[in-house]
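Hi there,

Here is the structure I promised to pass on to you.

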Amino acid sequence: MEDPVIALVRFLVIKRLAGNSSMLMAVKEYFVDGVSPSSISYKYKVSKFRVRGYIQRVTEKTRNSYLASSIIKQVFPLILEIEPAVIKVNEKYVCLLCDQSFNNEITVENHLRRKHEEHINKAIKEVLESVKELSTSS
Ligand SMILES: [Zn+2]
């Protein structure tokens, strides 16, 4: 099994690069702030089903929600420092790395995984290095 920290950072980095801020906030609010899935669903106007899906995927990566919460708390500010690679323009998503445009978020994430693996890995590496610095300096 993949290291839970790397797996979770990868998940969050891809969301951030894809410009999917609402799901990033949803995951943080559930695991760190203890907000309920129904409040999150109302706040970000996404279905409760989708919110639960994301929560489940995060929990699967770390096997328990306590670990997920502690990892997210540490890496979240670092994730927000990453420059999104995709912006939304007139209901379309445009990849700033190669100028391609897409109709939905899911295609965007698949595109990033397929075409910009190096970019993803570089961002993950930067986050993990900063986490190491954080834990040794305290
Ligand atoms: Zn691209």
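Leu 96 is partly exposed, as 13 other C-beta atoms lie within 10 Å. For that label, a residue is buried if 20 or more other C-beta atoms lie within 10 Å of its own, exposed if 12 or fewer, and partly exposed in between, with C-beta atoms placed from the backbone. Before going further, please note that this is a predicted model, in which local features need pLDDT of at least 70 and side-chain atom pairs count only at pLDDT 80 or more, while totals for chains, interfaces and linings use all residues. Residues are numbered from 1 along each chain as its sequence is written.

Where does Leu 96 sit? It is in the loop between β2 and β3 (101-102). Setting aside neighbours within four places in sequence, Leu 96 is in contact with Ala 85, Val 86 and Ile 87. Here, contact means that the C-beta atoms of two residues, placed from the backbone, lie within 7 Å. The C-alpha atom of Leu 96 is separated by 18 Å from that of Ile 124, which is 28 residues away along the chain.

**The sheet**

Which strands make up the open sheet? Three strands form it in the order β1-β2-β3, with antiparallel pairing. Two strands pair if DSSP finds at least two bridges between them. The edge strands, β1 (86-89) and β3, each pair on one side only. Four bridges join β1 to β2, and two bridges join β2 to β3.

You can follow the partners one by one. Lys 88 has Tyr 93 in β2 as its bridge partner, and Val 89 stands opposite Lys 92 in β2. On the way to β3, Tyr 93 stands opposite Phe 102.

Now for the turns. The hairpin of β1 and β2 has two residues between the strands, and Asn 90 there takes a positive phi near 45 degrees. The hairpin of β2 and β3 has five residues between its strands, and Asp 99 in the turn has a positive phi of about 70 degrees. Asp 99 is exposed, with 7 other C-beta atoms within 10 Å. Most residues other than glycine have a negative phi.

**The helices**

Arg 63 is not a glycine, yet it has a positive phi of about 70 degrees. Arg 63 lies in the loop between α4 and α5 and counts as exposed, with 11 C-beta neighbours inside 10 Å.

Where they meet, α4 brings Val 58, Thr 59 and Thr 62, and α5 brings Ser 65, Leu 67, Ala 68 and Ile 71. Ser 69 is in helix α5 as well, and is partly exposed with 18 C-beta neighbours inside 10 Å. Leaving aside neighbours within four places in sequence, Ser 69 is in contact with Phe 31 and Val 32.

**The core**

Which residues touch the most other members of the largest nonpolar core? Of its 30 residues, they are Val 13, Leu 17, Ala 26, Val 27, Val 75 and Val 86. Such a core is a set of buried Ala, Val, Leu, Ile, Met, Phe, Trp, Tyr and Cys residues joined through C-beta atoms within 7 Å. Contacts of Val 86 beyond four places in sequence include Leu 17, Tyr 93 and Leu 96.

Best wishes
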